[in-house]
Amino acid sequence: MWDFEQFEEKIALKDEYGKEVTYIQLKNMTKQLAGVIGKRTLVFCLCENKIGSVVGYSACINENIVSVLLNAHLERELLRNLIEIYQPEFVWAPAEMQTEFKAYHNVYEIDDYALLKTGYELEYNLYPELALLLTTSGSTGSPKFVRQSYTNIKANTDSIVQYLNLDCTEKAITTLPMNYTYGLSIINTHLMVGATILLTDKSLMQKEFWNFFKEEGATSFGGVPYTYEMLDKLRFYRMNLPSLRYMTQAGGKIIPELHKKFAEYACQNEKKFVVMYGQCEATARMGYLPADKALEKCGSMGIVIPGGKFNLIDADGNDIKGPNITGELVYEGANVTLGYAECMKDLSKGDERGGILQTGDMAQKDEDGFFYIVGRKKRFLKIYGNRVNLDEIDRLIKAKYSDCECASAGVDDHMYIFVTNESKADEIRNFIIEKTKLNPKAFKAIVIDEIPKNDAGKILYKELAKYYDT
């Protein structure tokens, strides 16, 4: 995947405590770790945004070892369940966590991570092209993983490098978990071009993050919609960040009002704001909005990435040719992943998708060929015979009540509007009734302490179902 040797003494990784790893050192570290593992097998990597975590992942990818990337802080019962289902031969974990795995044997340590041998032996042949397993469920501990191939990762990495025009002068700071496909794509692309990755587990809400950002001259960061909502509240536009070159956004549709704010900021400060579209099932990216179109095409997720192809299909599976017609977005490209795994034996499966992905997203394209996501195929309700887009409901609320976290969900004829601000609950419910002009009996506001989200800030709508009273 990566030719670390060509970048020699260039800094590959630097953490917030001042530790640096050059590319030649990274090459040696990955070789040593892979040598201890000794063969193509399955390794669970418990991830933090730390040097050891990147070393473990890089060793697996470069040395033909299959890795499963998980949040190091995944609830332990869920983690044990996953280990029992997949029976990895090794666990690569933060060194301080090895006391939690007393039955395993420490066979190697490097920096802040330890390699633990579990005692399991692989019972199935790993599909030769299988490189990586990633979860799409964040912190829920689902055994369902996306199977990504070496070809998938390389194709998507090359495409992102091309459209973002990345080179070795970049310094990307981590704002997302590396076990999340978006966060991982930032690591993949910057290692590919010999850039520097600034590693921190601090959040954008912490002063220490911005101190590190400024001290090291970070040139970019990425964020999901929730990230940009937080930055808006932080009055990000007033910050003095001379080293910042560009910001990327993916992980869901950002509301147009916020899109416009950050596009205007970028334009006024000679920076770039790049909205992107993707899914773990497509390795990472499928579409992007070029920075010079960020204002003109506000609300759009853009055009297809280099090497890919978009189609819109109607309910009967027919191609939609004209503009401004809603259909399901279908993507074709070398980055479409192999399929899913739900148990160990699935790791021997081959390519089940053939390079074509039905995204489940409903979209339109305009007269210029730019695409706009209008909702999820499954994020619709029928309210007394009227089809309602729940994603649009969420956007309406966020646009008017930006200071209140919210999420809409439900079943046909019953919409639940979840809010965290009790004083606004009735007002928001009435606002949606007025906007939809539908029977008030179908709407109920429910106040909860917090909106459930995964590691990357995406709302876990399934966890809201326990509040339904239908």
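Select strand β25 and strand β26 (residues 443-447): five bridges join the two, which run parallel. Strands here are DSSP E runs of at least two residues and helices are H or I runs of at least four, numbered from the N terminus; two strands pair if DSSP finds at least two bridges between them. This is a predicted model, where local features need pLDDT of at least 70, side-chain atom pairs count only at pLDDT 80 or more, and totals for chains, interfaces and linings use all residues. Residues are numbered from 1 along each chain as its sequence is written, and side-chain values use heavy atoms, with hydrogens and water left out.

Now pick Y416: its bridge partner in β26 is K444. Strand β24 (residues 406-411) runs antiparallel to β25, with six bridges joining them. Show the hairpin turn next: two residues separate β24 and β25, and D413 there has a positive phi of about 75°.

How many residues of β25 (residues 414-419) are buried? Five of the six are, so β25 is largely enclosed by the rest of the structure. Buried means under 20% relative accessible area, exposed over 50%, and partly exposed in between (1.4 Å probe, protein chains only).

Last stop: H259, in helix α8 (residues 256-268). H259 counts as buried because its relative accessibility is 1%. Leaving out residues up to four places away in sequence, H259 touches I254, F273, V275, L289, A294, K297, C298, G299 and S300, where contact means heavy atoms within 4.5 Å.
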